[in-house]
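Notebook open, model loaded. I'll jot down what I look up as I go.

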Amino acid sequence: MPAKLLLARTQIASGQDDLGLAAARDLVTAPDSDVATHIEYALLLAGTGQDDEARAVLTPYASGQVVVPAAVRALA
C-alpha cells in the first residue's frame, strides 16, 4: 500500500491529478484500508483543490466517537 500511495502522489506531482486520485481512491475503498490511508487520500484531495471532498473524508475522524488527531490537524 505505501508504494501505491507513493505512485499516486507522484502522478499528482507530475500533473496527472485524475490518475493519481483514482489510484488513491482505489486504496481507500479496499477492504484492508486503514485510517492513515483515508487521511492521506484527503490530503491528496486538498492538495489538488478539492477541499470539500477532503473535508468529507476527514470529518468522521475528527468528530466521531474516536477522534484521530491527524484528521483534526488536516482540517485546520
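Started with His 38: buried or exposed? I get a relative accessible area of 17% for His 38, and since buried means under 20%, it counts as buried. Worth noting for everything below: this is a predicted model.

Next I looked up where His 38 sits, and the place is helix 3. Then its neighbours. Leaving out residues up to four places away in sequence, I find His 38 touching Val 28, Ser 33, Val 57 and Tyr 61. What does the side chain of His 38 make a polar contact with? I have the side chain of Tyr 61 down for that, at 3.0 Å.

Moved on to helix 1, residues 2-13. I checked its length: 12 residues at 1.5 Å a residue should span 16 Å, and the end C-alpha atoms are 16 Å apart, so the two agree.

Which residues of helix 1 are buried? I noted Leu 5, Ala 8, Gln 11 and Ile 12. Looking down the axis of helix 1, I see its buried residues fall within an arc of 120 degrees, so they line one face of the helix. On the face turned away from that buried side I find the exposed residues Pro 2, Ala 3 and Ala 13.

I also looked up what covers the buried residues of helix 1: the cover includes helix 2 (17-28) and helix 3 (35-47). Helix 3 is where I had already placed His 38.

Last entry: just after helix 1, I have Gly 15 with a positive phi of about 90 degrees.

Conventions:
Residues are numbered from 1 along each chain as its sequence is written. This is a predicted model: local features need pLDDT of at least 70, side-chain atom pairs count only at pLDDT 80 or more; totals for chains, interfaces and linings use all residues. Side-chain values use heavy atoms; hydrogens and water are left out. Helices (H or I, at least four residues) and strands (E, at least two) are DSSP runs, numbered from the N terminus. The expected span of a helix is 1.5 Å times one less than its number of residues. Buried means under 20% relative accessible area, exposed over 50%, partly exposed in between (1.4 Å probe, protein chains only). The arc is that of the directions from the helix axis to the C-beta atoms. Contact means heavy atoms within 4.5 Å. A polar contact is a pair of N or O atoms within 3.5 Å; within protein, one must be able to donate a hydrogen and the other to accept it, and residues adjacent in sequence count only if both atoms are side-chain atoms.
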